[in-house]
Amino acid sequence: MKKHNFYAGPSILPEYTIKNTAEAVMNFAGTGLSVMEISHRSKEFVAVMDEAISLVNELLDLPAGYKVIFVGGGASTQFCMAPFNLLKTKAAYLNTGAWASKAQKEAKLFGEVVEVASSKDKNYTYIPKNFEVPADADYLHITSNNTIYGTEIKTDLDLGVRLVADMSSDIFSRPIDVSKYDIIYAGAQKNLAPSGVTIAIVNENALGQVERAIPTMLDYRTHIEKESMFNTPPVLPVFAALQTLQWLKAQGGVAEMQKKNIEKASLLYDEIDSNKFFKATVEAEEDRSLMNICFVMNDEYTELEKDFMELATSKGCVGIKGHRSVGGFRASTYNALPKESVEVLVAAMKEFAAKH
Ligand code: PMP
């Protein structure tokens with residue numbers, strides 16, 4: 001039976017990515033060697049890195065002065081790398097969840113951190129609004145999509161301050177105005193590639209302004225200057241990332257992705273809102289994530305959670321168990337998830353309602 005992959009990450013990738021990567025594991029670019037056993041400095045792999053960087057430029061329409069790097073260490077290393085490189089005296093952080101808190105914790109090692117707002121009071125089920133950002137903050141850090149709680153900041157905030165954004169779980173899901181950001185970073189294992197590579201988009205003009213010494217590997221300038229080849233890059237994940245970027249372009253780019261993502265998410269949220277057995281954990285429509293859709297059994301039906309899980313599983317839905325800090329269900333509807341998978345889940349919800 002066909003599996004409908006709703007895992008939050010690592011998560012579904014386009015078939016194009018999986019197939020081409022599997023082929024390159026056996027025979028990369030006609031070399032007769034695996035992509036895993038060839039030098040990262042071979043002309044074949046340098047071409048992969050170059051094309052990946054150039055496609056990110058194209059797909060996100062990067063303004064002049066922005067550089068793309070592929071590094072290891074996950075988004076979690078970016079939690080410290082961003083403040084290491086940018087925080088002069090004071091930085092503002094918006095606390096929208098566990099990952100946002102972890103980013104904030106690292107920044108405190110480098111200067112004063114102002115938490116401008118937090119939605120912790122309601123288990124992060126909303127995005128705080130109308131908060132003030134100190135005018136002298138070096139940047140405001142946001143987590144654009146909160147993978148665990150299913151909230152998302154779907155616009156590019158205009159608060160008169162430079163932005164640093166963790167876009168691990170919604171990068172490439174919509175067009176963004178990159179000029180508002182000094183750094184955008186994302187672990188690849190949601191919308192891009194297998195885990196092991198992290199993408200960072202860096203405004204070069206924002207670098208070189210801190211006085212502290214920065215270890216070479218944690219200095220964005222190192223990776224920009226060496227075009228992500230200062231040390232051995234995660235070759236296989238970068239190859240897979242290139243396939244996804246090619247697929248994205250062939251699909252019509254990030255604007256087309258946004259359209260499809262809105263369609264998929266609306267389908268599921270509409271069912272959650274109209275089916276009396278379920279309720280969404282995030283109420284405000286503008287805060288609802290298009291990537292991670294969190295829902296629980298409605299109050300009178302909590303004892304039926306296991307039954308619905310069984311039904312959905314029997315239809316081939318996998319990875320819909322909610323994060324332990326939210327409970328219930330989480331359906332991740334990343335770029336590569338076909339609409340058909342959402343339709344199967346929605347049909348299971350309807351069938352469940354008809355049965356009970
Ligand atoms: N930020 C967000 C929003 C995430 O969802 C995750 C991982 N689920 C991380 C950061 C941590 O990423 P990594 O495991 O790549 O360090």
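Where is the place of Asp 166? Asp 166 lies in strand S8, residues 163-166; strands here are DSSP E runs of at least two residues and helices are H or I runs of at least four, numbered from the N terminus. The model is a predicted one, in which local features need pLDDT of at least 70 and side-chain atom pairs count only at pLDDT 80 or more, while totals for chains, interfaces and linings use all residues. Residues are numbered from 1 along each chain as its sequence is written.

Asp 166 counts as buried, because 30 C-beta neighbours lie inside 10 Å. A residue is called buried if 20 or more other C-beta atoms lie within 10 Å of its own, exposed if 12 or fewer, and partly exposed in between, with C-beta atoms placed from the backbone. Leaving aside residues up to four places away in sequence, Asp 166 touches, among others, Ala 75, Trp 99 and Thr 143; contact requires C-beta atoms, placed from the backbone, within 7 Å.

Thr 147 is found in the loop between strands S6 (145-146) and S7 (151-152). Thr 147 is also buried, with 27 other C-beta atoms within 10 Å.

Both Asp 166 and Thr 147 belong to the residues that surround the ligand, which also include Gly 9, Ser 76 and Gly 187; a residue is near a molecule if its C-beta atom, placed from the backbone, lies within 6 Å of it. Helix H3 (residues 74-86) gives the most to this shell, with three residues.

Elsewhere, strands S11, S12 and S14 form, in that order, an open sheet with antiparallel pairing; two strands pair if DSSP finds at least two bridges between them.

Conventions
Two residues are in contact if their C-beta atoms, placed from the backbone, lie within 7 Å.
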